Amino acid sequence: MSTSKSADSCNDAVTVLHEYLDGELTDQRRNAIITHLDDCSGCFSKFEFEQELRAVVANHCRTTVPDELRAAIIAEIGI
Ligand SMILES: [Zn+2]
């Protein structure tokens, strides 16, 4: 097999992507991800994309959310 040994690490990294971005990982897990992203451009772009996506969404939510969208989100979340 010539596949790199990082396949498992990639699965791990993607699995915890959201927890990583939410800051919910332990320092140890976080460091492992950062190390992985350092030498895995595939995962790095995934994380970067997700991070940018979140930034865009966050910006939009802070500025103007149409009332109907707000209502739809509230209905969706169930608060
Ligand atoms: Zn990877």
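## Ground rules

Numbering starts from 1 along each chain, following the sequence as written. Since the model is predicted, local features need pLDDT of at least 70 and side-chain atom pairs count only at pLDDT 80 or more, while totals for chains, interfaces and linings use all residues.

## Overall fold

The protein has five helices and zero strands, with helices (H or I, at least four residues) and strands (E, at least two) taken as DSSP runs numbered from the N terminus. Read from that end, the elements go α-α-α-α-α.

Buried residues account for 6% of the 79 residues. Here, buried means 20 or more other C-beta atoms within 10 Å of a residue's own, exposed means 12 or fewer, and partly exposed is in between, with C-beta atoms placed from the backbone.

## The core and Ala13

The largest nonpolar core is made of Ala13, Tyr20, Ile33, Cys43 and Phe47. Such a core is a set of buried Ala, Val, Leu, Ile, Met, Phe, Trp, Tyr and Cys residues joined through C-beta atoms within 7 Å.

Setting aside neighbours within four places in sequence, Ala13 is in contact (backbone-placed C-beta atoms within 7 Å) with Ile33, His36 and Cys43.

## Leu25 in its loop

Leu25 sits in the loop between α2 (17-21) and α3. Leu25 counts as partly exposed because 15 other C-beta atoms lie within 10 Å. Beyond its neighbours within four places in sequence, Leu25 is in contact with Val16, Glu19, Tyr20, Arg30 and Ile33.

α3 is hardly covered, with one buried residue among its 12.

For α5 (residues 67-77), the number buried is zero out of 11 residues, so this helix lies largely in the open. Just after α5, Gly78 adopts a positive phi of about 85°.

Notes. Contact = placed C-beta atoms within 7 Å.
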